[in-house]
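Biologist: I have a structure open and would like to go through parts of it. Can we take it step by step?

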Amino acid sequence: MTKSEINYKNLLTERERDLEDRNEELEAQHEELTAAVEAMINKNDHLEKTLEELHTRNSEIEQIVYRSSHDLKSPITSLDGLLMLMETDQDNLNDYLLRAKMASRSMKHILQMMVLYSNSLVSDLSVESISVDDLWQQVNKELQEIEDYNTVKISLDKNKNEFSGDVARLKMVLFNLIKNGIDFKNKSNARIEVRFNFRSECLKIQVSDNGVGIPDYLQTDIFKMFFRGSNYSKGSGLGLYLSKRAVELMKGKMNVVSSENIGTTITVELPLKK
């Protein structure tokens with residue numbers, strides 16, 4: 001091999017190395033660019049989801065404000081009328097006071113639902129130690145203000161007492177589920193059974209009643225905002241919606257099994273906090 005051929009071969013080898021180095025640089029740049037594009041796509045997806053959630057929340061807030069202001073008009077009008085009657089008709093004062101108390105309770109319930117919705121927008125959990133007995137006592141105290149509370153036999157069963165969880169949200173969920181059973185009770189022999197079943201990694205809460213039940217075609221709608229399934233509905237239409245939101249914030253799930261004229265069981269499954 002001549003000297004010129006050797007030089008040419010060396011030059012060719014050097015050029016091949018340069019080409020390989022350049023190719024490696026291009027591949028590295030391509031990987032960096034691909035990673036940057038993927039990161040941008042992920043950020044864009046996250047932004048779109050955030051904007052979609054904000055749009056949903058804004059829509060919900062508009063509905064809440066409109067519906068609540070509409071629902072508050074009736075008890076406020078009733079109170080105005082009752083106050084006028086109290087001034088002119090002293091003979092029926094006790095009856096007017098009773099009606100005024102009912103109107104006040106109605107306003108209190110609407111305002112409580114607004115506060116609960118506001119709290120549901122906050123995703124931070126507040127985990128603390130609680131006993132089923134204490135939780136039950138707190139919920140029962142609030143349930144006693146419901147008009148038909150004393151017409152229903154409510155029982156509690158549990159396989160454990162002490163645990164940890166978000167007490168405020170648990171109380172709200174339990175109250176709404178039991179209230180739902182009271183609102184949709186049978187005319188006689190009404191019963192609601194509440195069970196706390198603690199397992200190794202989860203808590204299963206079941207609220208069962210022997211009420212009017214829910215038709216199959218409505219069972220997918222009962223957790224929607226402002227849904228009222230029948231003439232038996234007495235609340236704001238937010239109770240089950242807020243309860244499901246609270247359960248999801250606690251990383252749990254909720255489902256319903258119901259048969260018309262037989263009853264309803266709503267089950268909540270929550271991961272246990274260590």
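Biologist: Which residue with a positive phi follows H5?
Modeller: That is Lys251, with phi near 65 degrees. Keep in mind that this is a predicted model.

Biologist: Where does Lys251 sit?
Modeller: Lys251 is in the loop that links helix H5 (239-249) to strand S6 (253-259). Lys251 is not a glycine, although its phi is positive.

Biologist: Is Lys251 buried or exposed?
Modeller: Exposed, because its relative accessibility is 66% and the cut-off for exposed is over 50%.

Biologist: And H5 itself, how many of its residues are buried?
Modeller: Nine of the eleven, so the rest of the structure largely encloses H5. Among the buried ones are Gly239, Leu240, Tyr241, Arg245 and Leu249.

Biologist: At what angle do H4 and H5 pack?
Modeller: The angle is about 145 degrees, and the two axes are 9 Å apart. The crossing of H4 past H5 is left-handed.

Biologist: Which residues meet there?
Modeller: From H4 there are Arg169, Met172, Val173, Asn176, Leu177 and Asn180. They meet Gly239, Leu240, Leu242, Ser243, Ala246, Val247 and Leu249 of H5. Sorted by class, the contact of H4 with H5 has eight nonpolar, four polar and one charged residues.

Biologist: What about H3 and H4, how do their axes cross?
Modeller: The axes of H3 (residues 132-143) and H4 cross at roughly 50 degrees and come within 10 Å. The two helices are therefore oblique to each other. H3 passes H4 in a right-handed crossing.

Biologist: Which residues make that contact?
Modeller: On the H3 side they are Leu135, Trp136, Gln138, Val139, Glu142 and Leu143. The H4 side includes Val167, Leu170, Leu174, Phe175 and Ile182. In the contact of H3 with H4, ten residues are nonpolar, one is polar and three are charged.

Biologist: Now the strands. Which one holds Thr267?
Modeller: Thr267 lies in S7, residues 263-271. Thr267 is buried, because its relative accessible area is 6% and buried means under 20%.

Biologist: What does the side chain of Thr267 make a polar contact with?
Modeller: With the side chain of Gln206, at 3.2 Å. Leaving aside neighbours within four places in sequence, Thr267 is in contact with Lys204, Ile205, Gln206, Lys253, Met254 and Asn255.

Biologist: Lys204 is on that list. Which strand is Lys204 in?
Modeller: Lys204 is part of strand S5, residues 202-209. With 18% relative accessibility, Lys204 counts as buried.

Biologist: What else is Lys204 in contact with?
Modeller: Beyond neighbours within four places in sequence, the contacts of Lys204 include Arg195, Phe196, Asn197 and Arg199. Thr267, Val268 and Glu269 are also among them.

Biologist: How many residues apart are Lys204 and Gly252 in sequence?
Modeller: They are 48 residues apart in sequence, and their C-alpha atoms are 9.8 Å apart in space.

Conventions. Residues numbered from 1 in each chain as written. Predicted model: local features only at pLDDT ≥ 70, side-chain atom pairs only at ≥ 80, totals over all residues. Heavy atoms only, no water. Helix = DSSP H or I, 4+ residues; strand = E, 2+ residues; numbered from the N terminus. Buried < 20%, exposed > 50% of the residue type's maximum accessible area, 1.4 Å probe, protein only. Axes fitted to C-alpha atoms, helices over the stretch in contact; angles between N-to-C directions. Parallel < 35°, antiparallel > 145°, perpendicular 65-115°, else oblique. Left-handed = near helix turned anticlockwise from the far one by under 90°. Contact = heavy atoms within 4.5 Å. Nonpolar A, V, L, I, M, F, W, Y, C, P; charged D, E, K, R; others polar. Polar contact = N/O pair within 3.5 Å; in protein donor to acceptor, adjacent residues only side chain to side chain.
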